[in-house]
Amino acid sequence: MVVDVLSFTKITGLALADSVNPCEIAVLTMILMTILIQNPDKRKKVLYAGLAFVLSVFIAYLVYGVILIEIFKTFAGFLRENSPYVYNGLGILSMILGALNIKDFFYYKKGGFVTEMPIFLRPKVKRIIDNITSTKGAFIIGFIVTLFLLPCTMGPYIVASGLLSNLGIVKALPWLVYYNLVFVLPMIAIVLLVYFGFSRVEEVSGWKERNIKKLHLIAGVLLFLIGLGLILGWF
């Protein structure tokens, strides 16, 4: 039971750190804005397109998680023989990612290394999103866009997949589902807030820009503490 609680703490912390990543919020607001411009009087279309995009992100990241675990399993023998080093390595990776996010709180620059989507990718993502005209399109393009999100979201996911790899795919799958549910929860909340009229897309985008440093700080502290906990044996 203790193992389950500790696993829950680690996976939840990593997922929460991933979920407040500004680049996923930025991409979602661009998609909602595109749909609203094309369908100003059809709020249901905004709802369906937004949820379709979130669903595609959830499915895509679930697949990425399975792939990562399979990669870790390929090196299962090495991992077993060197488990303390691997565990510490995952902890160090988490601390580095945390430190980079915390750095963005004090010295923010757009397109930060492994903390945000690189600047050169952003125009490409914008051109892809501009082609969304339907719920089906939002779902399909969601899969494509996740490839551009990987540089800024995969760090915590790699750590989580490494921690889950010793469980095997069958036992790890529920954890991956849980991780990705937490990961997409802020996106679901944004879609519902816009649909029910509690907030406009512009307000969400503006809030993200005003609080982008704080989002990095929250993610950074969570990642750093989890990494420190792994190294010091708190978990």
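Predicted model: local features only at pLDDT ≥ 70, side-chain atom pairs only at ≥ 80, totals over all residues.
Residues are numbered from 1 along each chain as its sequence is written, and side-chain values use heavy atoms, with hydrogens and water left out.

With a disulfide taken as a pair of cysteine sulfur atoms within 2.5 Å, the count comes to one disulfide. It joins C23 and C152, whose sulfur atoms are 2.1 Å apart. C23 lies in helix α2 (residues 22-38) and C152 in helix α7 (residues 135-164), so the pair ties together parts that are 129 residues apart in sequence; helices here are DSSP runs of H or I with at least four residues, numbered from the N terminus. The torsion about the S-S bond of C23 and C152 is about 90°, so this disulfide is right-handed. Both C23 and C152 are buried, where buried means under 20% relative accessible area, exposed over 50% and partly exposed in between, with a 1.4 Å probe and protein chains only.

The largest nonpolar core has 65 residues, of which V27, M117 and V145 touch the most other members; such a core is a set of buried Ala, Val, Leu, Ile, Met, Phe, Trp, Tyr and Cys residues joined through side-chain atoms within 4.5 Å. Helix α3 gives the most to this core, with 14 residues. Leaving out residues up to four places away in sequence, V27 touches F53, M117, V125, I129, V145 and L149, contact meaning heavy atoms within 4.5 Å.

In helix α7 one also finds I158, which is partly exposed with a relative accessible area of 29%. Apart from neighbours within four places in sequence, I158 is in contact with L68, F72, L90 and L93.

Turning to charged side chains, the structure holds six salt bridges, each a side-chain nitrogen of Lys or Arg within 4 Å of a carboxyl oxygen of Asp or Glu. One of them joins K126 and D130 at 3.1 Å, N to O; K126 is partly exposed at 38% relative accessible area, and D130 is partly exposed at 37%. In another, between E209 and K208, the closest N and O atoms are 2.5 Å apart; here E209 is partly exposed at 38%, whereas K208 counts as buried at 6%.

How values were computed: Helix = DSSP H or I, 4+ residues; strand = E, 2+ residues; numbered from the N terminus.
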